[in-house]
Amino acid sequence: MNFKMVIVTRKDLDLSKGKLAAQVGHAAVECVLKAQKYAKDALAEWLDAGQMKAVLKVPNEAAFYELKQAAERAGLTTALIKDAGHTEIPAGTVTVLGIGPASEATIDKVTGHLSLL
């Protein structure tokens with residue numbers, strides 16, 4: 001079985017590549033920290049399998065909340081990242097949503113309809 005993590009970004013934010021990369025990194029770290037507490041087996045499988053990640057996109061912030069709810073209903077680890085506001089965007093702006101790590105099949109049931117960034 002394959003395991004992965006997905007990070008979902010917002011198409012409606014005009015972030016520089018560096019800022020977006022930092023936000024994706026925040027989500028990946030937060031998902032790992034949460035998985036250490038709540039999804040140890042999935043985390044171990046994901047780490048052993050090479051830490052596969054995919055970065056996907058949604059049109060706006062509202063889509064994050066729908067996706068987050070669907071992921072949590074499926075029992076998946078989630079991490080919604082809000083920016084500190086030190087650089088490009090106002091403090092509290094929701095930038096990315098991390099989901100997983102978990103089995104690819106389980107994550108794809110929630111995110112399989114989304115396009116790659």
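Two strands are taken as paired if DSSP finds at least two bridges between them. The legends below refer to a predicted model.

**View 1. Strand E2 and its pairing with strands E1 and E5.** Strand E1 (residues 3-10) and E2 run parallel and are joined by 6 bridges. Within this pairing, Thr 9 has Lys 57 of E2 as its bridge partner. E2 is also joined to strand E5 (residues 115-116), by 2 bridges and in antiparallel orientation. There, Lys 57 stands opposite Ser 115 of E5.

**View 2. The two faces of strand E2.** In a regular strand, side chains alternate between the two faces of the sheet. E2 (residues 53-58) presents Ala 54, Leu 56 and Val 58 on a covered face. Its uncovered face carries Lys 53, Val 55 and Lys 57.

View 3. Lys 4 is located in strand E1. Its relative accessible area is 10%, and since buried means under 20%, Lys 4 is classed as buried. The side chains of Lys 4 and Asp 108 are joined by a polar contact of 2.6 Å. Leaving aside neighbours within four places in sequence, the residues in contact with Lys 4 include Trp 46, Met 52, Pro 101, Glu 104 and Ile 107.

**View 4. The buried side of helix H3.** H3 comprises 13 residues and spans 19 Å from its first C-alpha to its last, close to the 18 Å expected at 1.5 Å a residue. The buried residues of H3 are Ala 63, Phe 64, Leu 67 and Ala 71. They lie on the same side of H3, because they cover an arc of only 105° around the axis. An α-helix has 3.6 residues a turn, so residues three or four places apart point the same way. The buried residues of H3 pack against E1, E2, strand E3 (78-82), strand E4 (94-103) and helix H4 (104-111). Exposed residues Glu 66 and Arg 73 are carried on the face turned away from the buried side.

**View 5. The two ends of helix H3.** At the start of H3, a side-chain oxygen of Asn 60 comes to within 3.3 Å of the backbone nitrogen of Ala 62. After H3 comes Gly 75, with a positive phi near 80°.

View 6. Tyr 65 belongs to helix H3 (residues 61-73). With a relative accessible area of 33%, Tyr 65 is partly exposed. Not counting residues up to four places away in sequence, Tyr 65 touches Leu 80 and Val 94. The C-alpha atoms of Tyr 65 and Leu 80 are separated by 8.9 Å, and the two residues are 15 residues apart along the chain.

Conventions. Residues numbered from 1 in each chain as written. Predicted model: local features only at pLDDT ≥ 70, side-chain atom pairs only at ≥ 80, totals over all residues. Heavy atoms only, no water. Helix = DSSP H or I, 4+ residues; strand = E, 2+ residues; numbered from the N terminus. Buried < 20%, exposed > 50% of the residue type's maximum accessible area, 1.4 Å probe, protein only. Contact = heavy atoms within 4.5 Å. Polar contact = N/O pair within 3.5 Å; in protein donor to acceptor, adjacent residues only side chain to side chain. Expected span 1.5 Å × (residues − 1). Arc of directions from axis to C-beta.
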